[in-house]
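Please look over the sequence and the model before reading on.

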Amino acid sequence: MELLKEAIRKRGSVLSSGVLKVDQFLNHQVDTNLMSAIGEEFARLFADEQVTKVVTIESSGIAPSFMCAHSLQVPLIFARKKKSVTMDKENVYSSRVYSFTKKEYSEVTVSKDWLCAGDRVLIIDDFLANGQAATGLTQIVEEAGAAVAGIGIVIEKSFQDGRALLEGKGYRIESLARISSLEGNKVQFVEESAQFAYNKS
Ligand code: 5GP
């Protein structure tokens, strides 16, 4: 998605060879026009999947997944990382997820009230690194007896293992921007590396 790649190039910053900061438009301040375009693009990509619900993980997945759920005209459920007094802890699906950015485990939960057998769930997240967050969400969906209709990722770091892990389990993954490298403080997209390799040969 060109608009997103342009935002990453112009407004993102490389924190290290493994971490990209996009607080300017996605992870802290949110560019609502860009989120709207992202939501529509996910809705277009998964239009044939008979999605009944969108599931994400708080907090950074909420903005893009909200716009996607709105485009598909289905409810959005965000898995919680912290227990809430409003949630009956006997009535939840849960999964233990290791956070790539926080370097700690958290118990991610969704109330049994919002997911049921027969649902076709589109999982959306802001980043794909090693696939832990997405895997945790697929476990919750499957514990509910629902089906994973697909996984939509805003920014995939293709040099990490997430895609291989999830594709190995048979899930359809659509990423709107795929980064092949963050080496040397520079964002390189998968298509650019492919072009570079082609030009060299
Ligand atoms: P995974 O579970 O795939 O290893 O990591 C994905 C999660 O970690 C995402 O939900 C995202 O919040 C966070 N994350 C992973 N890599 C990055 C990154 O380079 N930048 C930012 N801002 N978040 C990341």
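## Basis of the report

The structure is a predicted model.

## Annotated positions

An unreviewed UniProt entry lists Leu20, Asn27 and Lys157 under "binding site". Of these residues, Leu20, Asn27 and Lys157 are included in the lining of the largest pocket.

Leu20 belongs to strand E2, which spans residues 20-21. Leu20 counts as buried because its relative accessibility is 6%, under the 20% limit for that class. Leaving aside neighbours within four places in sequence, Leu20 is in contact with Ile8, Ser13, Val14, Phe127, Ile155, Ile179, Leu182 and Val187.

Lys157 is part of strand E8, residues 147-157. With a relative accessible area of 4%, Lys157 is therefore buried as well. When residues up to four places away in sequence are not counted, Lys157 touches Gly18, Phe100, Phe127, Leu128, Ala129, Ile179 and Leu182.

## Surroundings of the ligand

The ligand is surrounded by 16 residues, and the closest are Leu20, Asp125, Gly131, Ala133 and Lys157.

For Gln132, a backbone N or O atom lies 3.0 Å from an oxygen atom of the ligand. For Ala133, a backbone N or O atom lies 2.8 Å from an oxygen atom of the ligand. On its own the ligand has 510 Å² of accessible area, and the protein covers 89% of that area.

## Helix H4 and its cover

Helix H4 comprises residues 62-72, and its residues Ala63, Pro64, Ser65, Cys68 and Ala69 are buried. The elements that cover these buried residues include helix H2 (23-27), helix H3 (32-45), strand E3 (53-57), strand E4 (76-79), strand E7 (120-128) and strand E8. Strand E8 is also the element in which Lys157 is found.

Just after H4, Gln73 takes a positive phi of about 60°.

How values were computed
Residues numbered from 1 in each chain as written. Predicted model: local features only at pLDDT ≥ 70, side-chain atom pairs only at ≥ 80, totals over all residues. Heavy atoms only, no water. UniProt positions renumbered as here; feature names shortened; annotations may be inferred. 1 Å grid on protein atoms, 1.4 Å probe; cavity = no way out; pocket = protein on both sides within 12 Å on 5 of 7 lines; lining within 4 Å. Helix = DSSP H or I, 4+ residues; strand = E, 2+ residues; numbered from the N terminus. Buried < 20%, exposed > 50% of the residue type's maximum accessible area, 1.4 Å probe, protein only. Contact = heavy atoms within 4.5 Å. Near = heavy atom within 4 Å. Polar contact = N/O pair within 3.5 Å; in protein donor to acceptor, adjacent residues only side chain to side chain. Areas by Shrake-Rupley, 256 points an atom, 1.4 Å probe, with all protein chains shown as cover.
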